[in-house]
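Me: I am new to reading protein models. Please take a close look at the salt bridges here, and at what surrounds them.

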Amino acid sequence: MALIETEEAARRLARAIASDLSLYNEEKIMRGIQEDNLFTSLSEEIEEGRALFKSRVAPDLFVKGFYDRAIIDILVRTKGHVQSKLW
């Protein structure tokens with residue numbers, strides 16, 4: 001399989017991976033936000049997604065932070081309604 005070479009496709013892949021994390025780990029995400037340990041409690045899943053993203057995109061796209069941005073946008077920003085010490 002050829003590596004993804006465009007920023008648009010890399011962003012889409014990053015968002016798809018983050019969306020899957022959100023879909024399959026909803027309870028864990030909610031608890032992680034409430035207890036202020038989201039990135040610790042989901043570290044294994046996030047790193048597995050990061051490895052998948054890295055394996056599918058060109059190296060110059062990997063370093064642009066698309067995956068990290070997607071994690072924040074999808075796992076954190078969409079959960080603003082959850083009570084947390086963070087906000």
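Reply: Start in helix α1, which spans residues 7-24. Glutamate 8 and arginine 12 both sit there, 4 residues apart. That spacing is about one helical turn. An α-helix has 3.6 residues a turn, so residues three or four places apart point the same way. In this predicted model, glutamate 8 and arginine 12 form a salt bridge. Their closest N and O atoms are 3.6 Å apart. The cut-off for a salt bridge is 4 Å, so the pair counts. Glutamate 8 has 46% relative accessibility, so it is classed as partly exposed.

That is one pair. How many salt bridges does the structure hold? The total is 9.

Move on to helix α4, residues 43-56. Arginine 50 and glutamate 47 both lie in α4, 3 residues apart. Again, this is about one turn of the helix. Their side chains meet in a salt bridge, with 3.2 Å from N to O. Glutamate 47 is partly exposed, at 42% relative accessible area.

Arginine 50 also has a salt bridge with aspartate 68, at 2.5 Å from N to O. Arginine 50 belongs to α4 and aspartate 68 to helix α6 (residues 66-76), so this pair ties together parts that are 18 residues apart in sequence. Aspartate 68 is partly exposed too, with a relative accessible area of 40%.

There is also a network. Arg15, Arg69, Asp73 and Arg77 are linked by salt bridges. Asp73 is one of the buried residues of α6.

Now look at α6 as a whole. Is it mostly covered or mostly open? It is mostly covered, with 8 of its 11 residues buried. Besides Asp73, the buried residues are Phe66, Tyr67, Ala70, Ile71, Ile74, Leu75 and Val76. What covers them? The cover includes α1, α2 (26-34), α3 (38-41), α4 and α5 (59-62).

Finish with isoleucine 46. Which residues does it touch, leaving out those up to four places away in sequence? They are Leu21, Phe39, Tyr67, Ile71 and Leu75. Of these, Tyr67, Ile71 and Leu75 are buried residues of α6.

Note on methods. Residues are numbered from 1 along each chain as its sequence is written. This is a predicted model: local features need pLDDT of at least 70, side-chain atom pairs count only at pLDDT 80 or more; totals for chains, interfaces and linings use all residues. Side-chain values use heavy atoms; hydrogens and water are left out. Helices (H or I, at least four residues) and strands (E, at least two) are DSSP runs, numbered from the N terminus. Buried means under 20% relative accessible area, exposed over 50%, partly exposed in between (1.4 Å probe, protein chains only). Contact means heavy atoms within 4.5 Å.
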